[in-house]
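Hi everyone, thanks for coming.

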Amino acid sequence: MRRNEQERQAIQNFLKSVELFKKLPPAILSRIANNIQEKLIRSHEALYYKGEVSENIYIVRYGEILLENIANQGAVYIGAGQVLAENSLISGSNHSTSAIAVIDSLVYVLNGKLFLQLAAQEKILAQSIIHLMGSRMRDHMEKNVTQGAFIGLRRLCVHVPLDPEYDFGKKIELFLENYGENTKSLSISVPISQFVGMDTTRISEYLTEIRKKTPLVHLYFDEKISRQELSFLVVQSDFIVFWETDPEKFYREKEEIVNFWKGRIRNFGGRAIRLMEAGVVKSYLPSDEQIKTFYQKDTLARYLVSKTRGLALGGGGARALAHVGLLKVLHREGIKFDYVSGASMGAVIAALYARLENPDRIEELIKEFFGGLESAFDPTIPVVAFFKGKRMKRMLKNAFGDQRIEELPLPFVTSAVDLQTGKEHVFDQGPITEALVSAMSLPGAFPPYRLGEKILVDGGMINNVPESLIREKGADMVLGINVSPLQEIVPVKLFEDRNTTEKGFFRYIWDTLKYPPILQIMTRTITLEGREITRLKRPKMDLFVHFHLEEFQLFDFARYQEIIDKGQKEAEDNLAEIKKLFA
């Protein structure tokens, strides 16, 4: 590549600022500058891939390069003035990691053979290489960061208002308040109008300067600029967030804006997000199942920095009512979750939480379910099950009506088991009542639920604390709450002698008919099997909390208030641990 004297001098001056070359004599610097090739790596493109042969060394002129999965360090960001691939070149090995541009980056490429030849001739360069490699080795052993590199999450987010906005910058500032103090200190909001008049090189350099100071950058379209300008800058973002305030207005303008960016951003479905500020209301924009839609600003804020929270509420019959006590404590402490799942009765509590019901209102609903004159259970001749399940279904229908899972403000998911195939059937869309009836169809207690060709029963049989369901939905950190006994303090007595119970004759007969021994055996068997599955899945949760509710039985729904109060106490006892990870 032919360069004029001014260009060569500019490269040489830059090399003087690079630690590896700064002590070299001018003649050697000039030779390196003459042999350097420039390579522009566009955002999200690779400089090289793991396993490729190392033939060059690279010096970042401007921009940022992400080194993926560095041992002991995770992801490392390399910025201006930093050197890449010298270790692989000198050791004669293939690249041990991939190098991906996170924003448009200009990289100087120096032929490896020439570099090694100069190192053999120049003692100063050889010493600098030894010093650099020693520093890298020390950083590797001590799990430190190479000087000038940044370990941890970096994000470039662009926010686009679909409705006319005059104080959108204030909205973004308020949006950043959803972060904790540490994350907020690493964040900055910048109006895109600041980049107007810059050429592409200057935009990349300026963006690099900003990201050196703050790794979490939120760019936004203010009133000084059209929402279809500076595409060179916007296409470099990790996420583009469309804010929609009033779905009833400006339909054509909104569609034009979305389609404009859809035609310019690669992997649009994976990077585009819609924030519905008005909550769960119909948007008249064309639906795109790949575009994530959020209804809560705090959930979106955590999603953008990969810190979303999932809450998995375990099943356990009446013991699952303890989750209401947990929700009361979480609400008081201001601890919110972004995804929620539940098994069996835990699914009912989870669905109410996903509807953003106040915990006090959830407690009232539980009292309506189980505190009235009419029992929630309707015994029948035990051909298929001991209870018809019609009353429970009616109660659920009264609570949720025709509401669908996809209409809930928070993502909710539960599951059932298909008796015919033995496979888990996941409910993340469709009528809520249908999902809950299926999820609560405890074999022997309630009849299976037929859904097409499937015969569905309680999902807690194979996934009683369903952490996996919300992991798949996108939760980064999961709190699992188990309410089923992991062990008994005293042995369980399935067959009680009336004389030892001190119950009257008619009371003894009534309790036996209400909860007959055969049902006790079936539910006990399911509980023991589910216990072992829960133990195996426990390590997969970021925090697993076990509520000690051994004094309550599977069908002790009449003791709902005691169970809720005990759940609140258990939540209080574990609050410090919960706050440490989720506050």
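Let's begin with Arg309 and its surroundings. Leaving out residues up to four places away in sequence, Arg309 touches Arg302, Ile335, Lys336, Phe337, Asp338, Tyr339, Ala475, Met477, Phe582 and Ala583. Keep in mind, please, that what you see is a predicted model. Arg309 sits in strand β14, which covers residues 309-313. Is this arginine buried or exposed? Its relative accessibility is 11%, under the 20% cut-off, so Arg309 counts as buried.

Among contacts with a separation of 6 or more, 75% join residues 24 or more positions apart. The chain has 583 residues, and 52% of them are buried. Its secondary structure comes to 23 helices and 21 strands.

Now to some helix packing, and I'd like to start with α13, residues 322-333, against α22, residues 560-573. Their axes are 6 Å apart and the packing angle is about 45°. The crossing is right-handed. If you zoom in, α13 brings Ala322, Val324, Gly325, Leu326, Lys328, Val329 and Arg332, and these meet Ile563, Ile564, Gly567, Gln568, Ala571 and Glu572 of α22. By class, that contact has seven nonpolar, three polar and three charged residues.

Helix α13 also packs with α14, with axes 9 Å apart and an angle of about 30°. Here we are under 35 degrees, so α13 and α14 come out as roughly parallel. Their crossing is right-handed. Which residues make the contact? From α13 we have His323, Val324 and Leu327, and from α14 there are Gly346, Ile349 and Tyr353. Sorted by class, the contact of α13 with α14 has four nonpolar, two polar and no charged residues.

Let's carry on along α14, residues 345-354, to its packing with α15, residues 359-370. The axes of α14 and α15 come within 11 Å and cross at roughly 140°. Roughly antiparallel would need an angle over 145 degrees, so this pair is classed as oblique. Again, the crossing of α14 and α15 is right-handed. Met345, Val348, Ile349, Leu352 and Tyr353 of α14 meet Ile362, Leu365, Ile366, Phe369 and Phe370 of α15. What classes do they fall into? The contact of α14 with α15 has 10 nonpolar residues, no polar ones and no charged ones. Notice Ile349 and Tyr353 there: they also take part in the contact of α14 with α13.

My last stop is Ser441, in the loop between α17 and β18. With a relative accessibility of 2%, Ser441 counts as buried. Its side chain reaches the backbone oxygen of Val437 at 2.7 Å, and a polar atom of that side chain lies 3.4 Å from the backbone oxygen of Pro447. Beyond its neighbours within four places in sequence, Ser441 is in contact with Phe446, Pro447, Pro448, Tyr449, Leu456, Val457 and Asp458.

That's my tour, and I'm happy to go back to any view you'd like.

Terms used
Residues are numbered from 1 along each chain as its sequence is written. This is a predicted model: local features need pLDDT of at least 70, side-chain atom pairs count only at pLDDT 80 or more; totals for chains, interfaces and linings use all residues. Side-chain values use heavy atoms; hydrogens and water are left out. Axes are lines fitted to C-alpha atoms, for helices over the stretch in contact, and angles run from 0 to 180 degrees between N-to-C directions. Helices (H or I, at least four residues) and strands (E, at least two) are DSSP runs, numbered from the N terminus. Angles under 35 degrees count as roughly parallel, over 145 as roughly antiparallel, 65 to 115 as roughly perpendicular and the rest as oblique. A crossing is left-handed if the near helix is turned anticlockwise from the far one by less than a right angle, and right-handed if clockwise. Contact means heavy atoms within 4.5 Å. Ala, Val, Leu, Ile, Met, Phe, Trp, Tyr, Cys and Pro count as nonpolar, Asp, Glu, Lys and Arg as charged, and the others, Gly among them, as polar. Buried means under 20% relative accessible area, exposed over 50%, partly exposed in between (1.4 Å probe, protein chains only). A polar contact is a pair of N or O atoms within 3.5 Å; within protein, one must be able to donate a hydrogen and the other to accept it, and residues adjacent in sequence count only if both atoms are side-chain atoms.
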